[in-house]
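Please read the following report alongside the sequence and the 3D view.

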Amino acid sequence: MSVADLNRPEPWQTISSETIVADRWLRLRADECVDAVGRTISPYYVLEPSEWVSVLAIDDEGAAIVVEEYRHGAGIVALGTIGGAVEPGEEPRDAATRELLEEAGYEAQEIVDLGATWANFGNHSNRVHHFLARGCSRVTEQELDDGELITVRTLPLVGLGEHLPQSYHQLTWYKSLPYM
């Protein structure tokens, strides 16, 4: 066996798993695992939130529609793309359409599925489904969930990354697509 074979990653074996928290927002479990060389990793915490959607919405004039809201995890008020959780049994595309309408009051002429990425594949089980919403127009007032206070803004696409530093890499990726 070569040194390269000894250092080759392999899936861990889960010996046991205990649910620590389970509510409408997420599940948190603590796993006892054994890696490929026999080391025990315990506890290894895994968050199991819902699948998420992230929508880069573009209005009829070519401006980005973004939302400003308080983000408690970071403790900041920040601009970001429209997004939220995929409800149980809901398709990600339908969640993107719903979130665009609920958070901003907009509908899109076209929703382009840009694929999915893992939210944080080190310890999250969910993915973020990315969408481009083109030809968006305002059709109604916001229908926010309890606890949401969201301001809708439109910004030019040029320089948008400067206003959304937490999403800069995502926006760079979007801009490289042939749809833009």
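## Overall make-up

Of the 180 residues in the protein, 36% are buried, where buried means under 20% relative accessible area, exposed over 50%, and partly exposed in between (1.4 Å probe, protein chains only). This is a predicted model, in which local features need pLDDT of at least 70 and side-chain atom pairs count only at pLDDT 80 or more, while totals for chains, interfaces and linings use all residues. Residues are numbered from 1 along each chain as its sequence is written, and side-chain values use heavy atoms, with hydrogens and water left out.

The protein has four helices and eleven strands; helices (H or I, at least four residues) and strands (E, at least two) are DSSP runs, numbered from the N terminus. Among contacts (heavy atoms within 4.5 Å) with a separation of 6 or more, 55% are between residues 24 or more positions apart.

Cysteine 33 counts as buried because its relative accessibility is 4%. Cysteine 136 counts as buried at 1%. The structure holds zero disulfides, a disulfide being a pair of cysteine sulfur atoms within 2.5 Å.

## Strand pairing

Two strands pair if DSSP finds at least two bridges between them.

| Strands | Sense | Bridges |
|---|---|---|
| S4 (residues 52-59) and S5 (residues 63-71) | antiparallel | two bridges |
| S5 and S11 (residues 151-156) | antiparallel | six bridges |
| S5 and S6 (residues 76-80) | antiparallel | five bridges |
| S4 and S10 | parallel | seven bridges |
| S8 (residues 106-107) and S10 | antiparallel | two bridges |
| S9 (residues 110-118) and S10 | antiparallel | eight bridges |

Begin with S5. Alanine 64 in S5 is the bridge partner of isoleucine 58. Isoleucine 65 stands opposite threonine 154 in S11, and glutamate 68 stands opposite leucine 79 in S6.

Two hairpins involve S5. S4 and S5 form a hairpin with three residues between them, and glycine 62 in the turn has a positive phi of about 90°. The hairpin of S5 and S6 has four residues between the strands, and there glycine 75 takes a positive phi near 70°.

Which residue in S10 is the bridge partner of tryptophan 52? The partner is valine 128. Valine 128 is also the bridge partner of threonine 117. Elsewhere in S10, serine 137 is the bridge partner of glutamate 107.

In a regular strand the side chains alternate between the two faces of the sheet.

## The largest pocket

The volume of the largest pocket is about 1,600 Å³. On a 1 Å grid over the protein atoms alone, a pocket is an open set of points with protein on both sides within 12 Å along at least five of seven lines, and lining residues have an atom within 4 Å of a point. Grid points are joined across faces, edges and corners, and a volume is the space filled by probe spheres set on the points.

The lining has 42 residues, and those closest to the pocket centre are Trp52, Arg71, Gly83, Gly84 and Ala85. The elements that give two or more residues to the lining are S4, S5, S6, strand S7 (82-85), helix H2 (92-104) and strand S10 (127-138).

Note on methods
1 Å grid on protein atoms, 1.4 Å probe; cavity = no way out; pocket = protein on both sides within 12 Å on 5 of 7 lines; lining within 4 Å.
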